[in-house]
Amino acid sequence: MPKIGGSKSGRNEDSASQDSEKLALESSALLNAEMWALRFEAICEATSDFVGITSVDGSFFYLNPAARSALGIEDDEDVTLLDSVNFFDLEFYSRVSDAIIESLIATGSWSGELRLKHRSGRTFPVSQVTTVHTLEDGSPSFFSSISRDISSTKALEETLQHQATHDRLTNLPNHSLFQTLVIHAISRNTRNGLATAIAFVDLDRFKSINDGFGHIGGDEALMEVAHRLTRAVRPGDTVGRFGGDEFIVLIEDLPPGDAEEIALQVATRITDVLRVQIPLSSSRSAAPASANLSASVGIAVAGPNSGISGDSLIHQADLAMYEAKAEGKDRVAFFDDALRITTDHAIETAGALSDALLQRQFEVEFQPLVDMRTGSIYSAEALVRWRRPDGRLLQPGEFISIAEEHGFISSIGEIVLEEAARWGVKWRESIPYFIVSVNVSATQLLSPGFLNFVSKALSESGLEPSGLSIEITEYVVLKDVNSAVEVLQGLRALGVWIAIDDFGTGYSSLSYLRDLPVNAVKIDRAFVTTIVESERDRGLLATIILMADALDLFCVAEGVETEAQRDLLLGLGVVFAQGFLFSRSVSPEKITELVADAVTKTSR
Ligand code: C2E
Ligand code: MG
Ligand code: MG
């Protein structure tokens, strides 16, 4: 360190005593200054902070040992021959230099973060305070800096930042980071006249992997999926994990004319690579195991001038993914105009549903179930209708799934159940074994209080439990098998019948039926429609009937429209059916008439 102060002496012969006095003073000041300089030097040499003094032209005056070592400068090297500029990360410096100079001019000092550079080229972050020291006329004389290596703080900050923005299992960008990336991508692509696409990837039946191989096996499969997705996309595209079995891909820089085509290629590669068996090393069993997966992918594309928000684009891809699922899974679907209209319609419908409930706009029709040998009614299924204030009558297909999605289904289901129970009591006065059937959606069945509601509806209407059948689809079981079994057992304990609706269209194997407290299966219309033409379907139907028999389940055929179908079914041993051949759904008053007819017929 250059010694602060300097030697200065003079002799005044006229006044020796004054001189000697002055000399004494001066030398004591000098001693003082030197002593302080030594003390400061000792502090500078000892501290682990980096202390440096730089001249106005940028060369060093002084660097303390900590600074020398951090920058890779030897102890005996003359620092005054070195240019300080070589020890900065200049790329970083260029970004902050304006602010530094501004602050030094305005306040005489600057503090903030910089990156310094070791001789080897390695850079590291420091937090630094720089001060300008001026001459008497105010012009700068030299700069002093004190800085501290903040690598470990930065690393910790980065780790925390990474954890907050990445999925722990797969290390892919998580939901929140992905949303930010999409927003940036859309605005960047908009500037460049390019399109952006999102592919929303949802694994099909992933739950069965977790159930079959445990969570460790499930995690292993998810990591492999992440790996495959990352390899399937183009360099520059980003894969993220949205949670659970949902992944998402951001496809960027698309020429607007080819955007759909390229996005489809990426999505097709994704479905292709996920179809390949995944070997699992951590399965519970000792034998080597593997998982079969597939994925449903929804694509949404935003052109350069779409003006769409990141969130909306992701939502559109999500909706398209549901479309891919609905079309049979393991496929790709686009968010197109048809889906846009459906979505707008769904939003409008959902908005109107709460009013509909308040104003009781729901009506219940009933469709007879008949004994095909005689054609007489023995049961009726309650089917809900929605009478809109403008007089239109909406069918369940137009609002049930929307009601499910928006949380209205339980309330609608309660109206139907009360209405059905009320009529059921009346019809049982004429036919004591008469059964009313009510459809119950998965959400309603699994909602808390469902069992209580059923027993309350029974006791308030006076309907005996054996006069009520609850129809559920296989989907209920798939959604949450343990809770479903518990509720179904509760219903059986009450004495209510349980039927599996739309049987044969579900996802899972037939084996679960054995473990369920179920009384009947209603064979889906899809099988019935084709039995006349298709021998294969006849065979399939025969197998279903055999199995139902073996499990001691009551069999009902749905959607019988022709006499040929009826005769074939009777030939296969199915006696009970429902379908337009016998009757469409009708008002409850009309059922009352049919019940009366059946009574007269049998008493004749
Ligand atoms: P589902 O339970 O399978 O009911 C039978 C559906 O098939 C009814 O349609 C009925 O009109 C129709 N159908 C009956 N026979 C024939 C036939 O011979 N040919 C043809 N083409 N169709 C026939 P709908 O009333 O439109 O009901 C559709 C679905 O909506 C029902 O299917 C059921 O899953 C659901 N649904 C109806 N009411 C309710 C309800 O109150 N709650 C719940 N959660 N779902 C309901
Ligand atoms: Mg039904
Ligand atoms: Mg059905």
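# A tour from strand β6 to the magnesium site

Start with strands β6 and β8 (residues 246-254), which pair in the antiparallel sense over seven bridges. Helices (H or I, at least four residues) and strands (E, at least two) are DSSP runs, numbered from the N terminus; two strands pair if DSSP finds at least two bridges between them. This is a predicted model, in which local features need pLDDT of at least 70 and side-chain atom pairs count only at pLDDT 80 or more, while totals for chains, interfaces and linings use all residues. Residues are numbered from 1 along each chain as its sequence is written, chains are lettered from A and ligands numbered from 1 in the order in which they are written, and side-chain values use heavy atoms, with hydrogens and water left out.

**Strand β6**

Select I198 and look across to β8, where L250 is its bridge partner. Next, show strand β11 (residues 295-302), which runs antiparallel to β6 and is joined to it by eight bridges. Here A302 of β11 stands opposite T196.

**Q316**

Move to helix α8 (residues 310-326) and select Q316. Its relative accessible area is 13%, so Q316 is buried. Leaving out residues up to four places away in sequence, Q316 touches A300, I308, F335 and R340; contact means heavy atoms within 4.5 Å.

**The magnesium ion (ligand 3)**

Centre on the magnesium ion (ligand 3), which D501 (OD), D502 (OD), E558 (OE) and E558 (OE) coordinate at 2.0 to 2.6 Å. Donors are N, O and S atoms within 2.8 Å of the metal (3.2 Å for Na, K and Ca); water is not among the atoms, so sites may look incomplete. Along the chain, the donors follow the spacing D-D-x55-E. D502 lies in strand β18 (residues 497-503) and E558 in the loop between β20 (554-557) and α18 (563-572), so the pair ties together parts that are 56 residues apart in sequence. D502 is partly exposed at 27% relative accessible area, whereas E558 is buried at 10%. Then show the magnesium ion (ligand 2): D501 bridges this ion and ligand 3, which lie 4.1 Å apart.

**Confidence**

Finally, colour by pLDDT, the predictor's confidence in each residue, from 0 to 100. The protein has a mean of 90, and 95% of its residues reach 70 or more. Over residues 1-11 the pLDDT is below 50, and this stretch has twelve contacts beyond near neighbours in sequence. Where pLDDT is low, the predicted coordinates should not be read in detail.

Definitions and conventions
Buried means under 20% relative accessible area, exposed over 50%, partly exposed in between (1.4 Å probe, protein chains only).
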